[in-house]
Amino acid sequence: VYLTFRRSPYFALAYAANDVVLILLWALAARENISYLSVLICFVTFLVNDLYGFISWKRMEKRQMADG
């Protein structure tokens, strides 16, 4: 949350790291009970969104540096 507050693009990588851990845990749970598959898919989607957010913030930062 601190990185988000500071408007650092690295906030997305911190959330992505959290998503990776949760994906691993939910994948283990889904192996035991297939009903957890939807939660696993949800966290994979979060991971993709976080990576896209990081890339977007870095592109925006590069554009602002070029304009500035």
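Student: What radius of gyration does the protein chain have, and what would a compact globule of 68 residues have?

Tutor: First, a word on the source: this is a predicted model, in which local features need pLDDT of at least 70 and side-chain atom pairs count only at pLDDT 80 or more, while totals for chains, interfaces and linings use all residues. Residues are numbered from 1 along each chain as its sequence is written, and side-chain values use heavy atoms, with hydrogens and water left out. The radius of gyration is taken over C-alpha atoms, and the globule rule is 2.2 Å times the number of residues to the power 0.38. A compact globule of 68 residues would come out near 11 Å, whereas the protein chain has 15 Å. Along its principal axes, the C-alpha trace of the protein chain spans about 55 × 20 × 10 Å.

Student: How many helices and strands are there in the protein chain?

Tutor: Helices (H or I, at least four residues) and strands (E, at least two) are DSSP runs, numbered from the N terminus. The protein chain has 3 helices and 0 strands, and its pattern along the sequence is α-α-α.

Student: How do the axes of helix 2 and helix 3 cross?

Tutor: Two packed helices are described by the angle between their axes and the distance between the axes. Axes here are lines fitted to C-alpha atoms, for helices over the stretch in contact, and angles run from 0 to 180 degrees between N-to-C directions. The axes of helix 2 (residues 11-32) and helix 3 (residues 37-67) come within 9 Å and cross at roughly 165 degrees. Angles under 35 degrees count as roughly parallel, over 145 as roughly antiparallel, 65 to 115 as roughly perpendicular and the rest as oblique; the two helices are therefore roughly antiparallel to each other.

Student: Which residues of helix 2 and helix 3 meet?

Tutor: Contact means heavy atoms within 4.5 Å. On the helix 2 side the residues include Phe 11, Tyr 15, Ile 23 and Trp 26, and on the helix 3 side they include Leu 40, Phe 43, Phe 54 and Trp 57. The residues of this contact divide into 21 nonpolar, 1 polar and 2 charged, where Ala, Val, Leu, Ile, Met, Phe, Trp, Tyr, Cys and Pro count as nonpolar, Asp, Glu, Lys and Arg as charged, and the others, Gly among them, as polar. For the protein chain, residues 24 or more positions apart account for 56% of the contacts with a separation of 6 or more.

Student: Is Ser 8 buried or exposed?

Tutor: Buried means under 20% relative accessible area, exposed over 50%, and partly exposed in between (1.4 Å probe, protein chains only). Ser 8, in the loop between helix 1 and helix 2, has a relative accessible area of 15% and is therefore buried. Not counting residues up to four places away in sequence, Ser 8 touches Leu 3 and Trp 57. Leu 3, which lies in helix 1 (residues 2-5), is partly exposed at 32%. Of the 68 residues of the protein chain, 21% count as buried.

Student: What is phi of Arg 7?

Tutor: Most residues other than glycine have a negative phi. Phi of Arg 7, however, is near 60 degrees, a positive value in a residue other than glycine. Arg 7 is also in the loop between helix 1 and helix 2, and at 66% relative accessibility it counts as exposed.
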